[in-house]
Amino acid sequence: MCMEFGREICGNLEIAETREWLVTNSIGGYASGTVAGLLTRRYHGLLIAALHPPLGRTLLLAKLDETVLYGDRTYPLHTNRWANQTVSPQGYRHIESFTLEGTIPLWRLAVADALLEKRIWMQLGANTTYIQYILRRATQPLQLTLKAMVNYRDYHSDTHSNGWQMFVEAVEQGICVTADPSATPFYLLSDKASATVVHNWYYDFDLAVERYRGLNDKEDHLHAATFAVTLHPGETVTFVASTEKQIDLHGETALKLRRTQEQKLLGLWQSNRPITAQESPAWIKHLVLGADQFIVDRSVPEESHGKTIIAGYPWFSDWGRDTMISLPGLTIATGRPEVARAILRTFAKYVNQGMLPNRFPDVGEEPEYNTVDATLWYFEAIRAYDNATNDDHLLSELFPVLADIIYWHCRGTRYGIHLDPTDGLLYAGEIGTQLTWMDAKVGDWVVTPRIGKPVEVNALWYNALRTMAKFARQLGKPHQEYEAMADRALARFSRFWNEALGYCYDVIDSPDGDDGALRPNQIFAVSLPESPLTPAQQKSVVEVCGRMLLTSHGLRSLSPEHPQYQGIYGGNQYRRDGAYHQGTVWGWLLGPFVLAHLRVYKNPQQARQFLEPMANHLTASGVGNLSEIFDGDAPMTPRGCTAQAWTVAEVLRAWLATES
């Protein structure tokens, strides 16, 4: 199961630098880069370690600049772009092909009649990256030299050396780098290559994507050491970058373990859904493997095996909202309910005043609770898990937490979140705070404040109340109060319906009145298991969203006919966040649209067709993965994170739901 590019992409720098690869380690660390080997983001590197798993992510090894001596000629295999826009050297010209073997990137590098293969993967559960080279073909020995470019900074930052003296020392089979007395030491080791300490700064690497994002676009990296080895045909050399001192340098063993894990993941999916697995195309299998990259460990008190979900690579941490939305697709749809169980129990520990955390800051402060919808998605995640497992033991454990959440929402909790006694609907919001998934904020500017009663929040509230009543009946507990609250919310949900336009208001009872902007949030009033809309209203919502918001890769966040619509996402933070929910396409919304379409038209084959363009996107940005967002205007260029949890999750979940 491979994805492969030849010279038509690898040899075209303009294209090859936009194709990105990703490998992860299940504790929040990762490695990422471009097919061309060129750095274009501050988030690129061969070892970005989670020093305080799953966060504290720190760039340690930026890249290995490879040069080979073959015969009497020297061939640079690496590629760098400098601040003056010079591309030197141009090693990408030697890339004969790039292949994604499962989640493992493989380059075939051709020099004269020699063929050198390079693979990169990470050890699960450790901040350890393997880089392996195999001389597949040659008529004489080949000398491989690598310059190790290191750093030590938060992955959101950038480095300008200013005379920074790291401590680099030779150790057995490599080097140890200590950036400063308080830093975590890390190691660069090899099973065969010899290492020579250097300590020489390289200045002004150009970061083209950061320039597009309006951020600093230059960075320095330290050439800490040079490794050298002579390979004969058929021989292999392995390099390891790690925060661990004792590392298995046997590359073949480590590679076999990684491949075995991938086969296990596919096996779980296949045994859980044998018909789906048998009939699904290869790109869906890639998504099953991609799904695992977002699932990471998060230890909590009394739960040493806790789990969470990284919202997106390369820059998001774990967010409560993203985790609950992603959970069904990443775990249940892939045959891993035990992971779902661990995530649900982990987040139960963080419920406070009836709220789930919005996000966990990278630097380890207290969780932030500025969300109204994450908590309501928690009900839906538990419902999906219970539907798949009938695990009454977990349901009994979590039921008091859910009851407490309902109580706090009725009583009133943070940020003005409370049940309006006049209509049984949820009100949320206060000036200066963003609470829904449309959460862009620049300084004090909340781009889409949505204060009042958002349509998807109340669709989720109604769904949660019906779910809670079902849980109560299932456990033999009183359910009448939940049913009564749901009935009242259902009766008054009609306030959202805009008869003149044929779709729902996005927000009602806001400080500025009812908001009639056409946004995708109403799709959840159709796609959730419990819909508060009539069948005719459901059909109208799907048709309007299909005409005005639907694209090949998701739904626009605002109708193109709206005066505030922005069809291109880019520029500095002010411009980017100003467009984030004002027309930008969101990939994860494709899943709810497909489910809503299926509900209305009951045609699984037709509904599944909306997912098929994602197969092409799998090779267009983050290879083997799905992007966070896209431009609203054609050609809908992918933007944001190259690998987004809820995009992958919702495509997988919708694919499963359309199994005919």
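View 1. Arg466 is buried, with a relative accessible area of 14%, where buried means under 20% relative accessible area, exposed over 50% and partly exposed in between (1.4 Å probe, protein chains only). The model is a predicted one, in which local features need pLDDT of at least 70 and side-chain atom pairs count only at pLDDT 80 or more, while totals for chains, interfaces and linings use all residues. Residues are numbered from 1 along each chain as its sequence is written, and side-chain values use heavy atoms, with hydrogens and water left out. Arg466 forms a salt bridge with Glu483, the closest N and O atoms being 2.7 Å apart; a salt bridge is a side-chain nitrogen of Lys or Arg within 4 Å of a carboxyl oxygen of Asp or Glu. Because Arg466 lies in helix 11 (residues 455-474) and Glu483 in helix 12 (residues 480-492), the pair ties together parts that are 17 residues apart in sequence. Helices (H or I, at least four residues) and strands (E, at least two) are DSSP runs, numbered from the N terminus.

**View 2. Arg473, a salt-bridge partner of Glu483.** The closest N and O atoms of Arg473 and Glu483 are 2.4 Å apart. Arg473 lies in helix 11 and Glu483 in helix 12, so this pair ties together parts that are ten residues apart in sequence. Arg473 counts as partly exposed, at 43% relative accessibility.

**View 3. The salt bridge between Glu659 and Arg273.** A search of the whole structure finds 41 salt bridges, and in one of them the side chains of Glu659 and Arg273 meet at 4.0 Å, N to O. The pair links distant parts of the chain, 386 residues apart, with Glu659 in the segment after helix 19 (645-657) and Arg273 in the loop between helix 4 (251-272) and helix 5 (274-279). Glu659 counts as partly exposed at 27% relative accessibility, and Arg273 counts as partly exposed at 33%.

**View 4. Strand 12 and the strands that pair with it.** Strand 12 (residues 128-137) is mostly covered, eight of its ten residues being buried. Two strands pair if DSSP finds at least two bridges between them. Eight bridges join strand 12 to strand 11, the two running antiparallel, and Met122 has Thr129 in strand 12 as its bridge partner. The hairpin of strand 11 and strand 12 has five residues between the strands, and in this hairpin Gly125 takes a positive phi near 85°. Strand 12 is also joined by seven bridges to strand 19 (residues 236-242), again in an antiparallel run, with Tyr133 standing opposite Val237 in strand 19.

View 5. Strand 27 pairs with strand 30 (residues 507-510) over two bridges, and the bridge partner of Lys453 is Ile508 in strand 30.
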